[in-house]
Amino acid sequence: MMNEGYDVIIVGAGPAGLTSAIYAARSGLRTTVLERGIPGGLVAEAPLIENFPGFPEGISGMDLAERLARQAKGMGAEIRDLEEVIELDLEAGEKQARTHKAVYAAPTLIIASGSHYRTLGVPGEQEFRGRGVSYCAVCDGAFFKGKRVVVVGGGNSAAVTALYLSNLASGVMLVHRRGQLRAEEALVEDLQRRKVGLLLNKVVKEIIGDTRVEGVVLLENETGETSELGIDGVFVQIGEVPNSQVAREAGVEVDKDGYIIVDVRQRTNVRGVYAAGDVTLGPVKQVGTSVGQGIIAANEAFGYVKRPYYYKA
Ligand SMILES: Cc1cc2nc3c(=O)[nH]c(=O)nc-3n(C[C@H](O)[C@H](O)[C@H](O)COP(=O)(O)OP(=O)(O)OC[C@H]3O[C@@H](n4cnc5c(N)ncnc54)[C@H](O)[C@@H]3O)c2cc1C
């Protein structure tokens, strides 16, 4: 089925996509948002957001997501849940987005598909996801009060996660495949102060347990020896991957890590196609920056469709 009559299609209903929808619909563009899950994006996983301006007492991620979606709908944007964009065709004048239900067409398209956590890809990881395996300490840390956990990774997010968990868990160990952490010096010093154990030159080869995580099998890089470590939780912090595959396959340029390349007007290399939020190469990946980029993208889409006198193509 072909759904036409839109001015802008937005891929992803996280903070970037929903903000684009608010601005696009409010400026009079016929706007549809295609979301593979439910509206909210990653922010919905944050128990409390304390740094989004205008909420001095903080706001739960779920609450913020719900408000953004309500505001976008209130402005007249359509939000289509459970519609994953599986293919884009950006060659014709009208950009097309295909989902399992229909094909949507519009002269402009905003990609706001965010990112996802990189996984270890070892046995047990999928099986115990949500039963001891987590990618988000802020979301799940409280379940590990008084328990023993390992954090996998060597960068800043792994260090921050380990420090956060050291307030809750009875023991925290950081497993890193290299001999030295990549995290900032100040964080490494904090790790020492908080007595976070370092297991360097080791990789997690397997996550084991019965109904929940009970331990990990560690492989020593240099010797090839394996050992078992009994723990209750594994927090994987080895980076994020942008959800840019569909865009990339349609000819949108990405950097070496897969982030969509945009200019200061959120324009990609394809005319009429914009990108905003965590899927782009922007240096700060936060709600505030996603919101700002979403505004710029919507404004550009408006200019592209309506061609006001001040618009510079
Ligand atoms: C636990 C946690 C705590 C955080 N705390 C804070 C904080 O305190 N302050 C802060 O500013 N930021 C915080 N962040 C970061 C913030 O959530 C992100 O920067 C923000 O959500 C990025 O918004 P986005 O719209 O670019 O992407 P996302 O929020 O990731 O949204 C992208 C959306 O696109 C959808 N999507 C992807 N591919 C497709 C497809 N092919 N078709 C259709 N839909 C698709 C996804 O399902 C998703 O809903 C936190 C993140 C996490 C995980």
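How are α1 and α2 oriented to each other: roughly parallel or roughly antiparallel? That was my opening question for this predicted model.

**Entry 1: α1 and α2**

I looked up the two axes first. Helix α1 spans residues 15-26 and helix α2 spans residues 61-74; their axes come within 8 Å and cross at roughly 25°. Angles under 35 degrees count as roughly parallel, and α1 and α2 are therefore roughly parallel to each other. I also noted the hand of the crossing of α1 and α2, which is left-handed.

Next I listed who touches whom. From α1 the contact takes P15, L18, T19, A21 and I22, and from α2 it takes A65, L68, A69, Q71 and A72. Sorted by type, the residues of this contact between α1 and α2 come to 8 nonpolar and 2 polar, with no charged ones.

**Entry 2: the whole chain**

I stepped back for an overview. The chain's secondary structure amounts to 7 helices and 19 strands. Its C-alpha atoms fill a box of roughly 65 × 40 × 35 Å along the principal axes. I then checked the radius of gyration: for 313 residues a compact globule would have a value near 20 Å, and the 22 Å of the chain agrees with that.

**Entry 3: the parallel sheet**

In which order do the 5 strands of the open parallel sheet stand? I read it off as β10-β17-β11-β12-β13. The edges belong to β10 (133-134) and β13 (197-200); each has a single partner strand, so one side of each is left without a neighbour in the sheet.

Strand β11 (residues 148-152) pairs with strand β17 (residues 233-236) in the parallel sense, over 4 bridges. Within this part of the sheet, V152 stands opposite V236 in β17.

Helix α4 (residues 156-166) lies across β11, β12 (171-176) and β17, and runs at about 170° to β11.

Helix α4 also has a helical partner, α5 (residues 185-193): the two axes come within 10 Å and cross at roughly 30°. By the cut-off of 35 degrees, α4 and α5 are therefore roughly parallel to each other. The crossing of α4 and α5 is left-handed.

On the α4 side I found N156, A159, V160, A162 and L163, which meet L187, D190 and L191 in α5. This contact of α4 with α5 divides into 6 nonpolar residues, 1 polar and 1 charged.

**Entry 4: the antiparallel sheet**

My last stop was an open sheet of 3 strands with antiparallel pairing, in the order β14-β15-β16. Here β14 (202-209) and β16 (226-230) are the edge strands, each pairing on one side only. Neighbouring strands in this sheet are turned against each other by 30° on average, direction ignored.

I went through the pairings one by one. Strand β14 and strand β15 (residues 213-220) are joined in the antiparallel sense over 7 bridges, and V204 stands opposite L218 in β15. Strands β15 and β16 are also antiparallel, over 5 bridges, and G215 has G230 in β16 as its bridge partner.

How many residues lie between β15 and β16 in their hairpin? I found 5 residues there, and G224 in the turn has a positive phi of about 80°.

Definitions and conventions. Residues are numbered from 1 along each chain as its sequence is written. This is a predicted model: local features need pLDDT of at least 70, side-chain atom pairs count only at pLDDT 80 or more; totals for chains, interfaces and linings use all residues. Side-chain values use heavy atoms; hydrogens and water are left out. Two strands pair if DSSP finds at least two bridges between them. Helices (H or I, at least four residues) and strands (E, at least two) are DSSP runs, numbered from the N terminus. Contact means heavy atoms within 4.5 Å. Axes are lines fitted to C-alpha atoms, for helices over the stretch in contact, and angles run from 0 to 180 degrees between N-to-C directions. Angles under 35 degrees count as roughly parallel, over 145 as roughly antiparallel, 65 to 115 as roughly perpendicular and the rest as oblique. A crossing is left-handed if the near helix is turned anticlockwise from the far one by less than a right angle, and right-handed if clockwise. Ala, Val, Leu, Ile, Met, Phe, Trp, Tyr, Cys and Pro count as nonpolar, Asp, Glu, Lys and Arg as charged, and the others, Gly among them, as polar. The radius of gyration is taken over C-alpha atoms; the globule rule is 2.2 Å times the number of residues to the power 0.38.
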